[in-house]
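Me: I would like to learn how to read a few features of a structure. Please give the general idea, then the case at hand.

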Amino acid sequence: MSAWGIVLIVLGVLALIILCCSIRIVRQATAVVVERLGKYRKTLETGVHMIIPFFDRCSRAISLKEIVADFKPQPVITKDNVTMQIDTVVYFQITDAKLFTYGVDDPIRAIENLTATTLRNIVGELELDETLTSRDTVNTKMRVILDEATDPWGIKINRVELKNILPPRDIQDAMEKQMRAERERREQILKAEGEKKSSILVAEGEKQAKILQAEADKEAKILQAEAEKAAVIAKAEAESRAIELINTAKPNASYITLQGFEALKALADGKSTKLIVPSEIQNVSGLLASMTEVVNSTKDVKEEKKENKKSK
């Protein structure tokens, strides 16, 4: 092989190497900063690009995806002079590769320090209880402040979260005792309210039972009195009707004599209150008079009982 052939082969290999060095492929969700002779030239987006070898220098690929930075706990002093450890998680995204490359040296370290100082400023204005119950407020304030501060660096802060808040051990013990006492207090209150409601329900039940029993007794007595009243009235009406029928029938002396004997039989039972015995029991007229007096006496007693029932 001649010398010219060797030269051509060498030149072809060099051309191929230069061509390979001139092609730069940028992957999805990344960006590359190009410097020409040490000066910023351009930013390469996703795709295939041509550069000038030995004159252009490409930086490492910069990820444009959202990045999660978990920073170590930082000592923070609250407004009431309680020192506690708080660690934060920052979600950020690079929006400008040029500003990210030339804006600040070691951007992640800068964000960590900025997060620590901002957290101390915000928590320093809050007391311990407010710090523990105002996470959302602290997160929002920190995100706004960090996003504004990192704009010149080509970084956008999407979210800031307080991961852990660790008060001193003695404060934790005191808080646990306070929470335990509060739970016991609530338990006692609920128990007392339950017993109170139970006693009230039992008393109301007994009261209602007594009222119903009294009403039942009252109705029973009323019904019994009405029944006795109706029975007395019916009996008196029956007797009155019987006497009226007897008077209408105009009974003879034999019937009256027989009824007289029946009346004497009733008087013998000891239930009559008045007894008239004629001196001549064989005398019919005396017997009639005696029977009439007995009937009238019995009628007077029944009317007196009837009047007593009505007055009651």
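Reply: Helices (H or I, at least four residues) and strands (E, at least two) are DSSP runs, numbered from the N terminus. The chain here has eight helices and 10 strands. This is a predicted model, in which local features need pLDDT of at least 70, side-chain atom pairs count only at pLDDT 80 or more, and totals for chains, interfaces and linings use all residues. Residues are numbered from 1 along each chain as its sequence is written, and side-chain values use heavy atoms, with hydrogens and water left out.

Me: What share of the 312 residues in the chain is buried?

Reply: Buried means under 20% relative accessible area, exposed over 50%, and partly exposed in between (1.4 Å probe, protein chains only). In this chain, buried residues make up 23% of the 312.

Me: Is E112 buried or exposed?

Reply: E112 counts as buried because its relative accessibility is 15%. E112 belongs to helix α3, residues 107–123.

Me: Which residues is E112 in contact with, leaving aside neighbours within four places in sequence?

Reply: Contact means heavy atoms within 4.5 Å. With those neighbours set aside, E112 touches F71, K72 and Q74. Across the chain, 63% of the contacts with a separation of 6 or more are between residues 24 or more positions apart.

Me: And D129: buried or exposed?

Reply: D129 has 57% relative accessibility, so D129 counts as exposed. Helix α4, residues 128–133, contains D129.
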